[in-house]
Amino acid sequence: MSLRVRPLHPLFAAEVEGIDLRRVDDGPTLAQLRDAMDAYAVCVVREQQFEDDEQMAFARRFDGELNTKTGRGAVEGDRRRLAAREMTDISNLDEYGKLLAGTDRRRVQALANRLWHTDASFASPPGRYSMLSARGALPPSGGETEYADMRAAYDALPEELKAEIADLRAHHSIVYSRMTIGFDEFTPEQRARLPGAEQPLVRTNPRTGRKALYVASHASHIVGWPVPEGRILLKELVALATLPQFVYRHAWRPRDFVIWDNLATMHRGLAFDERYPRDLRRVTTVDREPSPLLQPR
Ligand code: OGA
Ligand code: MN
């Protein structure tokens, strides 16, 4: 299958045309797609008619093992709408397909997706490629997703700052990111199951050698630093990385499929009219890149 790649933004994000991902299972086409992801970090593919099992199968062909520790299911666990644990529910619907009540814990978890983040950075291993499919209903307007190019943001940092952060690690926690929006109703069992994870502040794509900032709303402090100093540095880095020139906004259409590299981007959902259903479903692969800072020295 031959695919066409059309850039959507001066720095990153492209639309991949002429492809039905359900049927892509040959090495050369998958390699072309991986090259497009290395170059653009976000790829939009329109008109993909996935069922859940087809979406999971494609993600496994593309990158292997799927992450189950991501999204609202990572916290809430039970009362699932989608059968497979590998399918992350990014909708505003409950297990009966009805709109979630405003006070439902799962809606509050979903609300936290409006903070800039990278998927499953609070887990070890974190998420690598996320693949989000617009399956059914979408609100009449809004409900977009924004992406920030963390490679371009890293490149734009002053050299002294690059040197300062080169060997730093941040602690990422989903309990922390929810706390920042005032949600702290975690049970002791949930807290014990969600201890968070340490991640390097800078990640390198092993195939291109390109570096990217690795921060998120989940990042609570710099390991080994006093909390206030670390938190201020993290907030500065997120602010720099999400300046308008680094951001691409995706407006969803039915059957859109978007793949992003969580090591090279951050993303956030935008507000929409919550009287309407919005049915998006995600799978995320496991980050298998060894991070040198986490190896014993
Ligand atoms: C996600 C996510 C934002 C949105 O799928 O991981 O953060 O716009 N989505 O729904
Ligand atoms: Mn997300």
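Select the manganese ion (ligand 2) and its donor residues, which in sequence follow the spacing H-x1-D-x147-H; keep in mind throughout that this is a predicted model. The protein donors to display are His117 through NE2, Asp119 through OD and His267 through NE2, and they lie 2.1 to 2.2 Å from the manganese ion.

Next, select threonine 145, where an N or O atom of the side chain is 2.7 Å from an oxygen atom of ligand 1, and then arginine 278, where the corresponding distance from a side-chain N or O atom to a ligand oxygen is 2.8 Å. If a surface is drawn, note that the protein covers 98% of the 290 Å² of accessible area that ligand 1 has on its own.

Now show the whole shell around ligand 1, which consists of Ile90, Asn113, His117, Asp119, Leu132, Glu144, Thr145, Trp260, His267, Gly269, Arg278 and Arg282. By class, these shell residues divide into three nonpolar, five polar and four charged, and the space that ligand 1 takes is the largest cavity.

Two backbone details complete the tour. Return to the loop between α4 and β5, where proline 125 is found, and select serine 124 together with it: the peptide bond joining serine 124 and proline 125 is cis, with omega at about 0 degrees. Finally, go to the loop between β1 (4-7) and β2 (14-17) and select alanine 13, a residue other than glycine whose phi is positive, near 70 degrees. Both details are worth a look because most residues other than glycine have a negative phi, and most peptide bonds are trans.

Technical notes:
Residues numbered from 1 in each chain as written. Chains lettered and ligands numbered in written order. Predicted model: local features only at pLDDT ≥ 70, side-chain atom pairs only at ≥ 80, totals over all residues. Heavy atoms only, no water. Near = heavy atom within 4 Å. Polar contact = N/O pair within 3.5 Å; in protein donor to acceptor, adjacent residues only side chain to side chain. Areas by Shrake-Rupley, 256 points an atom, 1.4 Å probe, with all protein chains shown as cover. 1 Å grid on protein atoms, 1.4 Å probe; cavity = no way out; pocket = protein on both sides within 12 Å on 5 of 7 lines; lining within 4 Å. Sits in = over half its atoms within 2 Å of the grid points. Nonpolar A, V, L, I, M, F, W, Y, C, P; charged D, E, K, R; others polar. Donors = N, O, S within 2.8 Å, 3.2 Å for Na, K, Ca; no water. Helix = DSSP H or I, 4+ residues; strand = E, 2+ residues; numbered from the N terminus.
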